[in-house]
Amino acid sequence: MLDYDDLIKRALDSGFTNAGPLDVATLEFMPQVRDMCASDRCRSYNKSWACPPAIGTLEEMRDKVTKYSKGLLVQTVKKLNSTFDWKTMEQTGKDQAANLLTFCDNLSEDFPNLLALGAGTCTRCARCTFLDGEPCRFPDKLIYSMEACGLFVSKVCKANNLAYNYGSDHVAYTGCVLLE
């Protein structure tokens with residue numbers, strides 16, 4: 001049986017602000033969310049092994065994700081100095097990505113087949129080998145984007161009783177780790 005109290009403690013020790021159980025059965029794979037990737041607002045479309053089109057179809061990602069039964073939602077939340085505090089917003093996103101890498105690396109011995117989904121593309125490598133036409137260096141440690149999987153993050157949080165919006169004076173980034 002999965003010890004969520006231990007997992008949450010480990011998540012918080014990895015730098016996250018919040019963490020809570022994730023029931024994979026609550027995940028809804030929405031084509032309209034996945035379709036937003038093609039607009040390339042995050043500048044990762046067709047530039048990373050962790051984003052479309054390299055990750056395959058929405059159905060392929062659904063099949064990959066639904067092999068897992070349990071998981072943990074993880075968040076990094078910071079207070080903003082103003083609603084236009086882009087520096088804190090950007091740094092919080094970087095902190096979330098670093099926290100997720102640390103957490104996954106710490107869990108990998110106990111959960112060698114974990115699947116991580118982040119707030120944006122994988123940041124394990126400074127430069128993704130996708131850009132050079134080379135295979136991924138760490139395909140078993142790749143961190144996929146939640147949105148690239150078609151997940152509407154606020155709905156995932158709500159369905160799993162974890163806050164998503166902490167008010168206009170805060171920014172929050174959410175990811176998850178799926179476990180067998």
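A: Gln 96 touches Phe 16, Val 74, Gln 75, Thr 76, Ala 119, Tyr 173, Thr 174 and Gly 175, leaving out residues up to four places away in sequence; contact here means heavy atoms within 4.5 Å. This is a predicted model, in which local features need pLDDT of at least 70 and side-chain atom pairs count only at pLDDT 80 or more, while totals for chains, interfaces and linings use all residues. Residues are numbered from 1 along each chain as its sequence is written, and side-chain values use heavy atoms, with hydrogens and water left out.

Gln 96 sits in helix 4, residues 86-107. Helices (H or I, at least four residues) and strands (E, at least two) are DSSP runs, numbered from the N terminus. With a relative accessible area of 2%, Gln 96 is buried; that word means under 20%, with exposed over 50% and partly exposed in between, using a 1.4 Å probe and protein chains only. The side chain of Gln 96 also reaches the backbone oxygen of Val 74 at 3.4 Å.

Now for the helix around that residue. At 1.5 Å a residue, the 22 residues of helix 4 should span 32 Å, and its end C-alpha atoms are 31 Å apart, so the two values agree. The expected span is 1.5 Å times one less than the number of residues. Buried residues of helix 4 include Thr 88, Met 89, Asp 95, Gln 96, Asn 99, Phe 103 and Leu 107. The buried residues of this helix pack against helix 1 (4-13), strand 2 (70-79), strand 3 (115-118), strand 4 (143-145) and strand 5 (170-179).

Helix 4 also matters for the open space in the model. The largest pocket has a volume of about 1,600 Å³, and helix 4 gives the largest share of its lining, six residues. On a 1 Å grid over the protein atoms alone, a pocket is an open set of points with protein on both sides within 12 Å along at least five of seven lines, a cavity is a set where a 1.4 Å probe fits but cannot get out, and lining residues have an atom within 4 Å of a point. Grid points are joined across faces, edges and corners, and a volume is the space filled by probe spheres set on the points. The largest pocket is lined by 48 residues, and Cys 42, Ala 119, Gly 120, Glu 147 and Tyr 173 lie nearest its centre. Two of these names, Ala 119 and Tyr 173, are also among the contacts of Gln 96. By class, the lining divides into 25 nonpolar, 15 polar and eight charged residues. Here Ala, Val, Leu, Ile, Met, Phe, Trp, Tyr, Cys and Pro count as nonpolar, Asp, Glu, Lys and Arg as charged, and the others, Gly among them, as polar.

A search of the whole structure finds one cavity of 30 Å³ or more, and the largest cavity holds about 120 Å³ of space. Its lining has 15 residues, with Cys 122, Cys 125, Cys 128, Cys 136 and Leu 142 nearest the centre. Cys 128 is in turn one of the residues that Ser 48 touches. Ser 48 is buried, with a relative accessible area of 5%.

Technical notes: A polar contact is a pair of N or O atoms within 3.5 Å; within protein, one must be able to donate a hydrogen and the other to accept it, and residues adjacent in sequence count only if both atoms are side-chain atoms.
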